[in-house]
Amino acid sequence: MFGNTGATDVTNLSCGTISSTNGAGVYTHAGQLTVDNQAGASISAGSHATRSVGAATITNAGALSSTNADAGWSAGALNLTNSGTITGGYAGISATAGGTIVNSGDIEGSSSASGYSYAVQFTCA
């Protein structure tokens, strides 16, 4: 799914699947990204499961996964509520403008080409 302008809102219902082999699962190039990934649902991608050039609000009770990048990436502030599973090929979650995480689930990063990984990575732009 790709949003080019304005706000992008995505609700992935229970048992729903959003997947991409090479690109992002859900990507917005401008504006606010809001994702509600419900219990039993999954968003998986070769690149980012969710990617936002702007701010992002992600509620995950299902599964977010990426094989070759951060599972969730935001260039803007990230607000994440997670009770599901987030697994990234580099970081589980990465945001360049800080944010807030409320977690009662699992967030993990796996080994990358650089030989290290992060569950959560906040950096200053």
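Predicted model: local features only at pLDDT ≥ 70, side-chain atom pairs only at ≥ 80, totals over all residues.
Modeller: A polar contact is a pair of N or O atoms within 3.5 Å, of which one must be able to donate a hydrogen and the other to accept it.

Colleague: What makes the pairing of the side chains of His48 and Arg51 a polar contact?

Modeller: The side chain of His48 meets the side chain of Arg51 at 3.0 Å, and the cut-off is 3.5 Å, so the pair counts as a polar contact. The charged end of Arg51 also sits over the ring of Trp73, 4.2 Å from its centre, and Trp73 is among the residues that His48 touches, together with others including Gly23, Ser66 and Asp70.

Colleague: Why is His48 called buried?

Modeller: His48 lies in the loop between β6 (42–45) and β7 (50–52). Its relative accessibility is 8%, and buried means under 20%, so His48 falls in that class.

Colleague: How do you know how the rings of Tyr90 and Tyr118 are arranged?

Modeller: A search of the whole structure finds one aromatic pair. The ring centres of Tyr90 and Tyr118 are 5.9 Å apart, within the 6.5 Å limit, and their planes stand at 80°, where over 60 counts as edge-to-face, so the pair is edge-to-face. Tyr90 is in the loop between β12 (85–88) and β13 (91–95), whereas Tyr118 is in strand β16 (residues 118–122), so the pair ties together parts that are 28 residues apart in sequence.

Colleague: Is Tyr118 buried, exposed or partly exposed, and what makes it so?

Modeller: Tyr118 has a relative accessible area of 33%, which lies between the 20% and 50% limits, so Tyr118 is partly exposed.

Terms used:
Residues numbered from 1 in each chain as written. Heavy atoms only, no water. Phe/Tyr/Trp six-rings, centres within 6.5 Å; stacked < 30°, edge-to-face > 60°. Helix = DSSP H or I, 4+ residues; strand = E, 2+ residues; numbered from the N terminus. Buried < 20%, exposed > 50% of the residue type's maximum accessible area, 1.4 Å probe, protein only. Lys NZ or Arg CZ within 6 Å of the ring centre and 35° of its normal. Contact = heavy atoms within 4.5 Å. Lists of a residue's contacts leave out its neighbours within four places in sequence.
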